[in-house]
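The entries follow in the order in which I went through them.

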Amino acid sequence: MASAAEQLAANLNFGAIAKAEELKKRIWFTLGALIVYRLGTYIPLPGIDPDALRQSFANAQGGVLGLFNMFSGGAVERMAIFALNIMPYISASIIVQLLTSVVPSLETLKKEGESGRKVLNQYTRYLTVVLAIFQAWGIAVGLQSSGGIVQDPGPFFLVSTVITLTGGTLFLMWIGEQITSRGIGNGSSLIIFAGIVAHLPSAIAGTLELGRQGALSTVVILGVLVMAAAVVYFIVFMERAQRRLLINYPKRQVGNRMYEGQTSFLPLKLNTSGVIPPIFASSLLLLPATAASFQTDPNGTGIIATLATYLGHGRPLYMLLYAALIIFFAFFYTAVVFNPQETADNLKKHGGFIPGIRPGERTAEFIDKVLSRITVIGAAYLTVICLIPEILVSYASLPFYFGGTSLLIVVSVTMDTVAQVHGHLLAHQYEGLVKKAKLRGARRR
């Protein structure tokens, strides 16, 4: 059955999409929502001097602002109403996931199914508002203290900026939820994906312009293109890789009928943590550079400036800490999102067992052992994917868009979106087969 479904998915084409009316509506809705998002990234905050903002951002774009600007599709450098993007919502979701592992009441809600999930989603929205207000206030204060950027500084600017940026984040959160329910799914991921992809053409054009001016040699540009293609291929291979644990189900009797035992597989992804480790690691390491860029001391002295010097792109300390943080967050986030004990309890409840392993505690220990081993490979994969492009980005002065984090996000979201489209197409074709079967049955009658 699984092989037939995979073969059917492999034979899907645009002709099949054209016949699926429901899927076409979902695709058009998703495209329309993303266009609205992109338009919002060009609407600037009121009271901002664009020239002064452009000059100030040019001095600070090497820090965490450059990373956030990549995720927002250029909204940060334009200080648009969507400058915060959907990152507060992503952060709130991660925090709620972490809390469900340590707070018993939240863990109980997680186990309650759909009703508990709705309550947790509501908590996530509330936390998003708090984080967005906090970050918007920090941006407003930072803009006002920079000097020359704000045309009319004062309490009115602070309040209006906080309301505008927070409202923009909440609107994007709503758009993401609509894409998930009424579009093709993965709403939040598609918004970040759209921001990165929308700025890729200008990043490529800027790289080619550096080559025309002689700042980059042709060999370096060709090497970057080959590296990007190789990284994309490697990401696709590793994101599809999984360790499948054999699960057996014993014979069972229902009434007078005896059903044969069945076998299935428990798939464990090689990279369970996804893109979270490199995003967190990049954000933490770029904080000193961002803080140093806002210092008024022209000599660049002080602890923050010293940290920014040692943690610059391509520096040995930066690379070492970057790799260590990626490995740490890979193990940490995997432990948060996957609970071996819960999986073992579910298998025991339904009568499933791993051959040679006793159900219950021993099964949980075995799953945890296997997961830890494959996470070592997954963490090493993330480290290699992020460090190699990082070296080229730092030494060749390439944009963030050619880094491992951006490529990892683009490829991962693309694979998830294609899987969603295949799922909708399979559902459409299944409905068509059911309708044909009903018509045949009616004709026979």
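I began with Glu177, which at 23% relative accessibility counts as partly exposed (buried means under 20% relative accessible area, exposed over 50%, partly exposed in between, with a 1.4 Å probe and protein chains only). The model is a predicted one, in which local features need pLDDT of at least 70 and side-chain atom pairs count only at pLDDT 80 or more, whereas totals for chains, interfaces and linings use all residues. Residues are numbered from 1 along each chain as its sequence is written, and side-chain values use heavy atoms, with hydrogens and water left out.

The side chain of Glu177 meets that of Arg125 in a salt bridge, at 2.9 Å from N to O; the term stands for a side-chain nitrogen of Lys or Arg within 4 Å of a carboxyl oxygen of Asp or Glu. Arg125 lies in helix H8 (residues 114–146) and Glu177 in helix H9, so the pair ties together parts that are 52 residues apart in sequence. I took helices (H or I, at least four residues) and strands (E, at least two) as DSSP runs, numbered from the N terminus. Arg125 is also partly exposed, at 25% relative accessibility.

How many salt bridges does the structure hold? I noted three. One of them joins Glu239 and Lys269, whose closest N and O atoms are 3.5 Å apart. Because Glu239 sits in helix H11 and Lys269 in strand E4 (residues 262–269), this pair ties together parts that are 30 residues apart in sequence. Glu239 is buried, with a relative accessible area of 10%, while Lys269 is partly exposed at 37%.

Glu22 and Arg26 also form a salt bridge, with 3.6 Å between the closest N and O atoms. These two residues are four apart in helix H3 (residues 21–40), and therefore about one helical turn separates them. I recorded Glu22 as partly exposed at 49% relative accessibility and Arg26 as buried at 18%.

Which residues touch the most other members of the largest nonpolar core? Among its 64 residues, they are Phe71, Ile235, Tyr322 and Ile409, where a nonpolar core is a set of buried Ala, Val, Leu, Ile, Met, Phe, Trp, Tyr and Cys residues joined through side-chain atoms within 4.5 Å. Helix H16 gives the most to this core, with ten residues. The core lies between domain 1 (28–216) and domain 2 (218–402), because both give residues to it; the domain bounds come from an automatic or database domain assignment. I then found a second, separate core of 17 residues, which includes Met79, Val150, Phe157 and Val162.

Helix H11 (218–240) and helix H16 (361–395) are the elements that give two or more residues to the patch, and H11 gives the most, with three.

Asn85 has a positive phi of about 55 degrees although it is not a glycine; its place is in the loop between helix H5 (64–71) and H6. Asn186 likewise has a positive phi, near 55 degrees, and is placed in the loop between helix H9 (155–182) and helix H10 (187–213). Are these residues buried or exposed? I have Asn85 as buried, with a relative accessible area of 2%, and Asn186 as partly exposed at 24%.

Leu347 lies in helix H15 (residues 340–349) and is buried, with a relative accessible area of 10%. From C-alpha to C-alpha, Leu347 and Asn248 are 9.7 Å apart in space, although 99 residues apart in sequence.
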